[in-house]
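Take a walk through this protein chain, one region at a time. Keep the coordinates open as you read.

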Amino acid sequence: MRMNVSLPYRPIYQTTDHNIILNCPRISGKSYEVSQYGAYAKVTYPRHDGIVFRANANSLLSSVVNDTLEKFVNLGYGARVKIRQQPLRLELDGGKSNIYFLGVSGHDKSRVRGFHPKNPLAFIIGDECQQISDEENLKHALASFRRYIDTNVAYRIMLCGNPHEIKGHWWNVFAAKHKGVEDYTHITSTYLDIYNLLNDADRKNIELEKKISPALYKFMYLGDLSDINGGAYPSFKRERHVITPDEAGKVFAGERIHTVFIGGDGAITHDMTCLNFEAIMTSGRMAVLEPFIFNPLTYGRPLAPSQLAELIGLYMRDMERKYGLQSNYIPVYFFIDCASEDLITQLQYELDGYYNVIPYTRKNVIRNTSTVNNVFARNMAYIVDYGGYYDYATSKWVETDVPLLVEQLENVAWKNSRLDPMIPNDCSDSFAYGACAYFENPENLNLPERAEYYEEFIRT
């Protein structure tokens with residue numbers, strides 16, 4: 001059996017450790033080497049099965065499955081392998097053994113608990129682990145798979161991922177804390193290790209990135225997080241995602257509001273109370289319209305929850321008059337920070353029963369910021385700049401050079417794997433609650449028109 005293995009990846013075959021973490025940046029040869037190992041291990045242990053998993057199963061067939069099949073061909077075993085479905089797998093020698101390809105993410109963290117391979121496992125490979133929602137999800141999947149490992153062979157559990165641009169992302173933390181741990185081998189590699197194998201287009205573009213954007217170059221191609229500015233929302237770009245009311249008429253021409261999600265962060269003492277009116281259009285995109293903002297520092301004193309709820313009631317009556325929410329049967333959902341329990345209770349009492357006021361409890365900062373970044377990276381949300389906002393406490397119009405939400409999205413930063421508490425984040429948090437309630441819910445892709453539009457942005 002002849003194989004070409006790049007120097008940084010030779011420990012996969014040589015180490016006596018059973019657990020291997022590969023935290024390597026883009027274009028580092030990781031995908032090639034991992035799929036090659038899958039084919040090698042399957043040929044080496046013909047009466048054992050293997051598992052390859054990702055966050056989502058629908059991306060496996062076009063990538064890892066075909067890559068692994070190609071490696072079987074390269075090793076001279078292509079005629080013995082067939083692609084099968086339900087479950088997705090590579091079947092060897094007419095079904096005597098298999099490599100299974102599974103998705104593990106989702107709200108049900110034990111979704112793979114009922115999986116049973118045909119034979120004992122010789123390897124488990126996690127691909128693109130940084131895309132999995134959190135460490136708990138990964139550990140639930142591994143717990144379900146490990147019980148089938150044959151410990152009498154030189155088994156491997158390999159977890160592969162790319163460094164995440166959010167420094168405090170769980171995958172970055174997970175990879176770092178397992179360095180030097182017993183029975184763990186940590187492998188890093190970059191494009192420099194396989195430079196001679198790259199085509200001219202890759203080489204030219206990497207060198208160009210090195211000149212025009214050194215920090216991005218170091219992150220994407222060297223896996224170096226030191227020059228990342230620490231901003232929590234690097235995917236947000238003011239020039240792309242902030243539009244005027246006139247531009248909004250063009251961007252959303254021919255569309256109507258399908259549903260409204262209102263994310264809310266309630267004040268405690270000196271913090272602002274902020275509600276973001278997040279209109280989901282019929283294309284599936286989000287238009288962030290007029291906000292409700294109460295700043296106790298500007299007003300001179302905080303307000304009781306009952307007083308805030310009364311002002312929010314006035315705000316909603318204005319939004320009803322402008323957008324015809326009830327007359328057009330537009331569902332409206334409030335997702336208020338669950339810490340604002342008194343405000344939630346008052347809103348449920350104050351507002352018309354048409355509105356749904358729901359405590360937002362899924363406050364995982366890493367997951368929420370990652371979701372918001374994905375939303376902006378796919379151009380699925382636009383913030384409409386009205387030049388200011390109406391202050392319902394003072395009954396005055398407050399002019400702003402830039403919406404407070406935009407200001408916070410650009411300034412909120414990480415500090416010690418948490419959002420820096422010294423930087424205001426009331427508006428950005430409230431936006432995240434509404435955005436995550438919508439975009440983390442798979443139902444938001446179900447309507448054909450919205451699903452098609454969403455996929456267009458993914459392709460571009």
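Leaving aside its neighbours within four places in sequence, which residues is Ser428 in contact with? They are Tyr233, Leu405, Gln408, Leu409 and Val412, where contact means heavy atoms within 4.5 Å. Ser428 sits in helix H15 (residues 426-439). Ser428 is buried, with a relative accessible area of 1%. Buried means under 20% relative accessible area, exposed means over 50%, and partly exposed lies in between, with a 1.4 Å probe and protein chains only.

Some ground rules apply. This is a predicted model, in which local features need pLDDT of at least 70 and side-chain atom pairs count only at pLDDT 80 or more, while totals for chains, interfaces and linings use all residues. Residues are numbered from 1 along each chain as its sequence is written, and side-chain values use heavy atoms, with hydrogens and water left out.

Now the whole chain. The secondary structure comes to 16 helices and 20 strands. Helices (H or I, at least four residues) and strands (E, at least two) are DSSP runs, numbered from the N terminus. The C-alpha atoms fill a box of roughly 80 × 45 × 45 Å, taken along the principal axes. Of the 460 residues, 53% are buried. Among contacts between residues at least 6 apart in sequence, 68% join residues at least 24 apart.

Next, a sheet. Eight strands form an open sheet in the order E3-E4-E5-E2-E6-E7-E1-E8, with mixed pairing. Strand E3 (81-84) and strand E8 (184-187) stand at the edges; each has a single partner strand, so one side of each is left without a neighbour in the sheet. Neighbouring strands are turned by 15 degrees against each other on average, direction ignored. Two strands pair if DSSP finds at least two bridges between them.

E3 and E4 pair in the antiparallel sense over four bridges. Lys82 has Glu91 in E4 as its bridge partner. The hairpin of E3 and E4 has four residues between the strands, and Gln86 takes a positive phi near 50 degrees there. E4 then runs antiparallel to E5, again joined by four bridges. Glu91 has Asn98 as its bridge partner in E5. The hairpin of E4 and E5 also has four residues between the strands, with Asp93 at a positive phi near 50 degrees.

In a regular strand the side chains alternate between the two faces of the sheet. E4 is covered on both faces: Arg89 and Glu91 on one side and Leu90 and Leu92 on the other are all buried. Helix H3 (residues 61-74) lies across strand E2 (49-54), E3, strand E4 (89-92) and strand E5 (97-103), and runs at about 165 degrees to E3. Axes are lines fitted to C-alpha atoms, for helices over the stretch in contact, and angles run from 0 to 180 degrees between N-to-C directions.

Further along the sheet, the pairing is parallel. Four bridges join strand E6 (residues 121-126) to strand E7 (residues 156-161). Phe123 stands opposite Arg156 in E7.

Now turn to helix H11 (residues 305-323). Its 19 residues should span 27 Å at 1.5 Å a residue, and its end C-alpha atoms are 26 Å apart, which agrees. The expected span is 1.5 Å times one less than the number of residues. The buried residues of H11 include Leu308, Leu311, Ile312, Tyr315 and Met319. Among the elements that cover the buried residues are strand E10 (257-265), strand E11 (273-281) and helix H12 (341-350). After H11 comes Gly324, with a positive phi near 55 degrees.

Return to H15, this time for its packing. Helix H13 (residues 365-377) and H15 pack at an angle of about 75 degrees, with their axes 9 Å apart. H13 and H15 are therefore roughly perpendicular to each other. Angles under 35 degrees count as roughly parallel, over 145 as roughly antiparallel, 65 to 115 as roughly perpendicular and the rest as oblique. The contact is made by Asn368, Thr371, Val372, Val375 and Phe376 of H13 and by Phe431, Ala432, Cys436 and Phe439 of H15.

Last, the cysteines. A disulfide is a pair of cysteine sulfur atoms within 2.5 Å. By this rule the count is zero. Cys274 is in no disulfide, and the nearest cysteine sulfur, that of Cys427, is 3.1 Å away. Cys274 is buried, with a relative accessible area of 1%. Cys338 is in no disulfide either; the nearest cysteine sulfur, that of Cys436, is 14 Å away. Cys338 is partly exposed, at 32% relative accessible area.
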